[in-house]
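Please go through the structure below with the sequence at hand.

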Amino acid sequence: MSTTAVTRRLTEWFEALNLSIQPVDPPPVGATIYRLVDLFTTIGGSWDVTGGRYAIPQWAKEAYANPAMMMELQKTNHLYAAVLDANGAMIGQQVIRFTNRYDPSFVDRRLTSDSTGWATYTLFPSSVYRPQNGEQGPWCWAPEGVADVLCGGGLPEDGQTISIFAVWRQTTVGAEEPPAPEPPTPEPPGPPTPPFERRLGRWVGPMNLTIKSIAERPDHPTPGPDGLVYLIKDVFTTRDSSWEPSDVYGSIDPWAREAYLKPVGDPEYFDDAGADHHLFSLVLDVHGNKIKNQELLYWSDGFDKLGDPTYDGYARGPGDHRYPVTKERSGWGNIVMFGSSYVPERGEQGPWCWTPRGLPAEVMCGGGMPANKHISIFVVWQAVRVEQPPVEPGPEPPQPPSPGDYTIYLPFVSGGAQSSPGPQAAAAPSADATPPAPSSAVVELIRAAAWSRVGVELRPGSALADYARRVGLGMPVTAEFIVAGHRAQGFMGGLVFAPVNDPQRVTHVSW
């Protein structure tokens, strides 16, 4: 058995694939457990280190490439599992459990091979999922016994022939206890924290985005014992996934590209940066460090819902997360927007609000897709001590707080105009006036909101949903799924489906 701490190495595509690890719940000291130590992928069965998407990393090739068994290791669309002993040798005849989280009763046990050390499981087309939309693959696997469980295995819907390799090490409870931490060294005195500066991209105003202050929040959060509040530092947008500055509506500002775009290979590479209709969040501590695994609140039913303790309409996170979280690598969290089109020129505002969960933080409101343009909105919060002196916003000094309020200073704003508070309310119509017909954008918002209330995501442009609406099949009762080469969805009046390779050839049958 191992007597040293286990070090884990994960592929850089771990988060992009929406994989997750359920850590072991260890039994008493001295019992055998299995720790996940290595996770990597290959694409197209290749073991060449190309740096491409899902390609094998150099460390994995050096550790596991074996010329005598390469035919076995070059399979595509497979899940692999191996178990190491204390000396790093692969253990044969080790039982591996493969389970499907959509069918809890399904368990398939495979044995690691005596010759190769690997157990394999074939991924069929039913394992296709869309990680870019927050979905997670259906498969979980781990050695039989008390073990870390790897979840999210599947085939990403981007045409890639991927295989996922997972390696566990056998060890004992208590053998991995780290040494007692040394007492923290006090930070040497240094210059004071630089003044807080807010930067708003050039499209924040035209898109009718607004920032709600902490004092406006109906749930009335207050600073914690650390005296910190979280203010919105930066807001910017991208258009059609491009990070190239231009004069196109919604395009990124040069300062934002310089500050936040990370190259491939960077330790904090921003793998989701190219998402084109998403709402992003990044939370920084008082020193400007990224806060990882911070839960986020996204909702589309109005700012006032923050004050309703019974409200449960917040967007769910991927996999087993109740809420979206900021990622371990990039520090960014996000959700995808569906049915969020609005027209800013008519005084309309997007439906989405978002803020870090559990923190006294400002709230971003008005997120959406202007005229259905594919725009992503990026918001950065930073911790600020309430006693921190402000940067003067102009010739007028900040107003003193009202009695009973704590002091939060108005930050300096650059890079764009301050968001407007929204359009004035229109005059009430006369009693005999005919109410105007709702716009198509409003209808789409209502339809998407209704779908979400029954727990089904409305995929923009879905040929299945359009067909069901035309022939009167009623409300959806399942999400879209892929089976036997067809994309399908259940509605009250029947099962609608079309070939994956011919999505417009839609038909339906009865249940």
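**Salt bridges**

There are 27 salt bridges, a salt bridge being a side-chain nitrogen of Lys or Arg within 4 Å of a carboxyl oxygen of Asp or Glu. This is a predicted model, in which local features need pLDDT of at least 70 and side-chain atom pairs count only at pLDDT 80 or more, while totals for chains, interfaces and linings use all residues. Residues are numbered from 1 along each chain as its sequence is written, and side-chain values use heavy atoms, with hydrogens and water left out.

One of the salt bridges joins Glu-157 and Arg-487, with N and O 2.7 Å apart. This pair links distant parts of the chain, 330 residues apart: Glu-157 sits in the loop between strand E11 (155-156) and strand E12 (162-172), and Arg-487 belongs to strand E26 (residues 486-491). Strands (E, at least two residues) are DSSP runs, numbered from the N terminus, as are helices (H or I, at least four). Glu-157 is partly exposed, because its relative accessible area is 28%, whereas Arg-487 has 16% and therefore counts as buried. Here buried means under 20% relative accessible area, exposed over 50%, and partly exposed in between, with a 1.4 Å probe and protein chains only.

Two further pairs can be described in the same terms. Asp-219 forms a salt bridge with Arg-217, the closest N and O atoms lying 2.7 Å apart. Arg-217 is buried at a relative accessible area of 4%, while Asp-219 is partly exposed at 32%. Asp-240 and Arg-239 also meet through their side chains in a salt bridge, at 3.3 Å from N to O. Asp-240 is partly exposed at 43%, and Arg-239 is buried at 19%.

**Two covered strands**

Strand E21 (residues 363-367) is mostly covered, with five of its five residues buried. Strand E14 (residues 210-212) runs antiparallel to E21 and is joined to it by three bridges; two strands pair if DSSP finds at least two bridges between them. Thr-210 has Cys-365 in E21 as its bridge partner. Strand E20 (residues 352-356) also pairs with E21 in the antiparallel sense, over three bridges, and Trp-354 has Met-364 as its partner in E21. The hairpin of E20 and E21 has six residues between the strands, and Gly-358 there takes a positive phi near 80°.

Strand E10 (residues 149-153) is mostly covered as well, with four of its five residues buried. Strand E2 (residues 20-22) is antiparallel to E10, and three bridges join them; Gln-22 stands opposite Val-149. Strand E9 (residues 139-143) and E10 pair antiparallel over three bridges, with Cys-140 opposite Cys-151. In the hairpin of E9 and E10, five residues lie between the strands, and Gly-145 takes a positive phi near 120°.

Where does Ser-510 lie? Ser-510 is found in the segment after strand E28 (507-509), and is exposed because its relative accessible area is 62%. Leaving out residues up to four places away in sequence, Ser-510 touches Gly-494 and Leu-495, where contact means heavy atoms within 4.5 Å. Ser-510 and Gly-493 are 17 residues apart in sequence, with their C-alpha atoms 7.0 Å apart.

**Confidence**

The average pLDDT of the protein is 83, and 82% of the residues score at least 70; pLDDT is the predictor's confidence in each residue, from 0 to 100. Confidence is highest in E20, at a mean of 97, and lowest in strand E24 (residues 412-414), at 54. Over residues 417-429 pLDDT stays under 50, and the model has 12 contacts for them beyond four places in sequence.
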